[in-house]
Amino acid sequence: AAGTGTAVQAAAPATAATVAATPLGQVVPVPASVRPHGAPFTLTPATRIDVAARSRAARPVADYLAGLLRPATGYRLPVTAARTGGAIVLRLDGDRALGDEGYRLTSGPGGVEIRAARPAGLFHGVQTLRQLLPAGVERHVRQHGPWTVAGGTITDVPRYSYRGAMLDVARHFFTVPQVERYIDELALYKVNRLHLHLTDDQGWRIAVSAYPRLASYGGSTEVGGGPGGYYTKAQYQQIVRYAASRFLTVVPEVDMPAHTNAALASYADLNCNGVAPPLYTGTKVGFSSLCVPKDVTYRFVAQVLREIAALTPGPYLHIGGDEAHSTKPADYVSFMDRIQPIVGKLGKTVIGWHQLTDAHPVRGAIAQYWGTAGNEAKVVAAAKAGTKLVMSPANHAYLDMKYNPSSPLGLNWAGYVEVKDAYGWDPATFLRGAPASAVLGVEAPLWSETISTEDHINYLAFPRLPAIAELGWSPAATHNWESFRVRLAAQGPRWDALGIDYYRSPQVGWP
Ligand code: TNX
């Protein structure tokens with residue numbers, strides 16, 4: 001009788017848990033391979049997070065996972081160094097074929113195992129595990145379980161190595177905690193590059209020792225005339241470290257030769273006429289230019305890039321190059337051709353907006369395509385000659401476009417971008433004639449002319465950011481709007497739990 005009683009008690013919560021479990025494939029971005037099988041795993045107060053033998057580099061990921069799960073579950077979830085059973089196990093002895101970012105997640109009654117070849121893969125596996133748990137796991141106070149993970153195996157590797165998001169901190173300044181929050185949100189969707197648009201006409205947002213007025217004066221306002229702001233070197237490094245802890249690489253951008261009014265206002269010498277213009281708080285583009293014939297310009301560029309490169313462990317320096325409407329075309333070419341080698345000498349890879357292909361991209365350069373037509377001859381020719389591409393077509397990937405004519409935030413120069421538009425394109429074929437092998441990945445830029453708060457960021461990024469993230473991660477063969485919208489709808493309660501104020505698109509069918 002005692003045995004029967006035990007069985008009944010054990011069966012009751014297991015049944016409830018089976019009903020509640022998120023289907024194994026209900027994840028954004030959708031995994032490359034999903035094989036549901038067997039019974040689910042349910043966390044208990046005794047569950048441990050094990051770092052497997054010879055997997056010491058998994059420890060920070062294990063601590064991060066424990067930090068995610070403890071508040072809502074109320075469980076201790078100790079991180080332990082050896083296999084103790086009944087656990088979530090992180091192992092770094094995964095198949096080499098999983099590459100730098102892939103993972104395999106296996107779930108069954110005995111536990112959940114995440115295996116990868118590299119820590120980044122474990123981290124991405126943890127994001128999948130997180131999405132397989134009920135949305136309440138995101139809350140910061142204790143919730144009712146059960147905390148159940150469907151049984152089966154997920155094997156997952158990214159389609160592209162470059163999966164980016166850009167935040168414009170120049171038009172409106174965003175603080176370190178605001179940027180860190182966005183980083184956390186990006187990590188949930190396996191985004192691995194954070195492009196920071198650090199300089200523009202309206203503000204210079206990073207301290208440069210040799211040119212202190214760039215930040216102190218050039219950073220002192222923003223669109224609309226607010227107080228602006230800038231990152232000290234220590235604060236920028238804090239962002240870089242925080243991003244690294246979430247396996248994102250920071251891509252700093254210094255936009256040149258246009259979009260430079262804040263610099264020109266700070267140092268009169270940088271102007272061809274030697275006169276500093278006033279600071280600018282409007283939203284026009286294309287009126288400013290560094291002075292291409294002057295030598296001081298290149299001393300300035302070299303010093304600024306040297307200081308930023310020294311703070312940036314990642315391989316990229318983004319040098320802008322867009323909308324140089326006030327730079328003579330010949331001057332533009334000579335400027336871009338002269339500054340690219342500076343980046344190379346600093347040991348970094350050049351990224352530029354795709355107008356870089358109007359000049360001569362250096363070997364290894366990356367062009368970020370933001371056009372809408374997909375037929376730019378110069379970009380295609382450069383791609384055929386070896387320039388790599390990051391795809392950010394404005395009519396699909398720009399998070400600052402309005403969703404529809406009544407959107408309270410955003411611009412509409414590239415049209416309205418509903419969720420289905422954000423999802424409905426293929427990075428490999430969008431730029432017609434460019435070899436698919438030239439495409440390194442995708443990026444979702446968020447320009448900040450119309451936004452100044454965290455809620456504004458979230459409203460424009462959600463739900464479009466996850467759409468772009470899926471295009472970057474999931475195999476082309478999985479691309480399917482009906483599947484995406486169901487999986488996206490399931491994210492809504494998670495965003496509610498995270499305090500993310502998202503756009504409730506009528507296309508999605510939220511629960
Ligand atoms: C174009 S896209 C710009 C930005 C604006 C954006 C607004 C690009 C490289 N330049 O200066 O902020 O449109 O959507």
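The legends below describe close-up views of a predicted model.

**Conventions.** Residue numbers start from 1 along each chain, following the sequence as written. In this predicted model, local features need pLDDT of at least 70 and side-chain atom pairs count only at pLDDT 80 or more, while totals for chains, interfaces and linings use all residues.

**Figure 1. Confidence along the chain.** pLDDT is the predictor's confidence in each residue, from 0 to 100. The chain has a mean pLDDT of 95, with 95% of its residues at 70 or more. Residues 1-18 fall below 50. Beyond near neighbours in sequence, that stretch makes 8 contacts in the model; a contact is a pair of residues whose C-beta atoms, placed from the backbone, lie within 7 Å. Where pLDDT is low, the predicted coordinates should not be read in detail. For the model, ipTM is 0.95 and pTM is 0.96.

**Figure 2. The ligand shell.** The residues around the ligand are Val285, Asp322, Glu323, Trp353, Trp370, Tyr398, Asp400, Leu411, Trp447 and Glu449. By class, the shell holds 6 nonpolar, no polar and 4 charged residues. Ala, Val, Leu, Ile, Met, Phe, Trp, Tyr, Cys and Pro count as nonpolar; Asp, Glu, Lys and Arg as charged; the others, Gly among them, as polar.

Figure 3. Domain 1 covers 15-156, and domain 2 covers 162-477 + 491-498. These bounds come from an automatic or database domain assignment. The C-alpha centres of the two domains are 34 Å apart. At the contact, 12 residues of domain 1 meet 16 residues of domain 2. The domain 1 side of it has 7 nonpolar, 3 polar and 2 charged residues.

Figure 4. 7 strands line up in the order S1-S9-S6-S7-S5-S3-S4, with mixed pairing. Strands (E, at least two residues) and helices (H or I, at least four) are DSSP runs, numbered from the N terminus. Two strands pair if DSSP finds at least two bridges between them. S1 (33-36) and S4 (79-80) are the edge strands; each has a single partner, so one side of each lacks a neighbour in the sheet. S1 joins S9 (residues 152-156) through 4 bridges in the antiparallel sense. Here Val34 stands opposite Ile154.

**Figure 5. Strand S5, enclosed.** 5 of the 5 residues of S5 (residues 87-91) are buried, so the strand is largely enclosed by the rest of the structure. Buried means 20 or more other C-beta atoms within 10 Å of the residue's own, exposed means 12 or fewer, and partly exposed is in between, with C-beta atoms placed from the backbone. In a regular strand the side chains alternate between the two faces of the sheet. One side of S5 carries Ala87, Val89 and Arg91; the other carries Ile88 and Leu90. S3 (residues 48-51) runs parallel to S5 over 4 bridges, with Ile49 partnered by Ile88. S7 (residues 111-115) also runs parallel to S5, over 5 bridges. There, Arg91 pairs with Arg115.

Figure 6. Pro134 sits in the loop between helix H3 (119-132) and strand S8 (148-149). It counts as buried, because 21 C-beta neighbours lie inside 10 Å. Thr22 is 112 residues from Pro134 in sequence, but 7.1 Å away in space, C-alpha to C-alpha. Val486 belongs to helix H15 (residues 481-489). With 14 other C-beta atoms within 10 Å, Val486 is partly exposed.

Definitions and conventions
Two residues are in contact if their C-beta atoms, placed from the backbone, lie within 7 Å. A residue is near a molecule or strand if its C-beta atom, placed from the backbone, lies within 6 Å of it.
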